[in-house]
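Please look at the model shown here before reading on. The dialogue is meant to be followed with the sequence and the structure side by side.

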Amino acid sequence: MIEFYFLLALTIKHAFADFFLQSMRPFANKRQLLGRGLLHYMDHALCTAFVAVFFLNTWTAVVAAAVFDFVAHCAIDYSKNHLCGRLKITQADKLYWRIQAGDQMLHYITGAVIVYYASVFQLLG
């Protein structure tokens, strides 16, 4: 049952960091690996660490979850934005929203992977 609550908390964390926190900052060009996008990815890492403290039983696991989320967010967001830029896809295009759906699915899978490995390696509790 703890796996369910951990995944739920990570999903809520994702919405908070992706929509609420991101809305409080100036636009970040995520087609650049360095820049304001890093603040957004750091938001995710820090929020993941905050959530993980309540579910994982070692500090190493908390840091690993945060780092994994940071790297995954960099890769997913950079790839999405680079693809949309190269193909000149904007929010006005239907294809953008299909790509955005895939982006969000990959972010949810990131949370599921964190919970899976925490469970497999008995890091919950």
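This is a predicted model: local features need pLDDT of at least 70, side-chain atom pairs count only at pLDDT 80 or more; totals for chains, interfaces and linings use all residues.

Q: How is a pair of aromatic rings described?
A: One gives the distance of the centres and the angle of the planes. Rings of Phe, Tyr and Trp (its six-membered ring) pair if their centres lie within 6.5 Å; planes under 30 degrees apart count as stacked, over 60 as edge-to-face and the rest as tilted. In this structure, a search of the whole finds 8 aromatic pairs. One of them is the stacked pair of Phe6 and Phe55, at 4.8 Å centre to centre and 20 degrees between the planes. Phe6 lies in helix α1 and Phe55 in the loop between α2 (37-53) and α3 (59-86), so the pair ties together parts that are 49 residues apart in sequence. Helices here are DSSP runs (H or I, at least four residues), numbered from the N terminus.

Q: Which arrangement do Tyr116 and Tyr117 form?
A: Tyr116 and Tyr117 form an edge-to-face pair, with 5.2 Å centre to centre and 85 degrees between the planes. Together with Phe121, Tyr116 and Tyr117 make one aromatic cluster.

Q: Is Phe6 buried or exposed?
A: The words rest on relative accessible area: buried means under 20%, exposed over 50%, and partly exposed in between (1.4 Å probe, protein chains only). Phe6 and Phe55 are both buried. Tyr117, by contrast, counts as partly exposed because its relative accessibility is 45%.

Q: Which residues have the most contacts inside the largest nonpolar core?
A: A nonpolar core is a set of buried Ala, Val, Leu, Ile, Met, Phe, Trp, Tyr and Cys residues joined through side-chain atoms within 4.5 Å. The largest such core has 16 residues, and those with the most contacts inside it are Phe6, Leu10, Leu56 and Leu124. Each of α1, α2, α3 and α4 (94-120) supplies at least two residues of this core. Contact means heavy atoms within 4.5 Å. Not counting residues up to four places away in sequence, Phe6 touches Val51, Ala52, Phe55, Leu56, Ile114, Val115, Ala118 and Leu124.

Q: How many salt bridges are there?
A: A salt bridge is a side-chain nitrogen of Lys or Arg within 4 Å of a carboxyl oxygen of Asp or Glu. By this rule there are 2 salt bridges. Asp69 forms one with Lys13, the closest N and O atoms being 2.8 Å apart. This pair links distant parts of the chain, with Asp69 in helix α3 and Lys13 in helix α1, 56 residues apart. Asp69 and Lys13 are both buried. Asp103 forms a salt bridge with Lys80, with the closest N and O atoms 3.9 Å apart. Asp103 lies in helix α4 and Lys80 in helix α3, so the pair ties together parts that are 23 residues apart in sequence. Both Asp103 and Lys80 are buried.

Q: Which residues are in contact with His73?
A: His73 belongs to helix α3 and is buried, with a relative accessible area of 1%. Leaving aside neighbours within four places in sequence, His73 is in contact with His14, Asp18, His40, Tyr41, His44, Tyr78 and His107. Thr110, in helix α4, counts as buried at 6% relative accessibility. With the neighbours within four places again set aside, Thr110 is in contact with Phe68, Asp69, Ala72 and Ile76.

Q: Where does Lys88 lie?
A: Lys88 lies in the loop between α3 and α4 and counts as exposed, at 69% relative accessibility. Lys88 has a positive phi of about 55 degrees although it is not a glycine. Gln122 also has a positive phi, of about 50 degrees, and is not a glycine; Gln122 lies in the segment after α4.

Definitions and conventions:
Residues are numbered from 1 along each chain as its sequence is written. Side-chain values use heavy atoms; hydrogens and water are left out.
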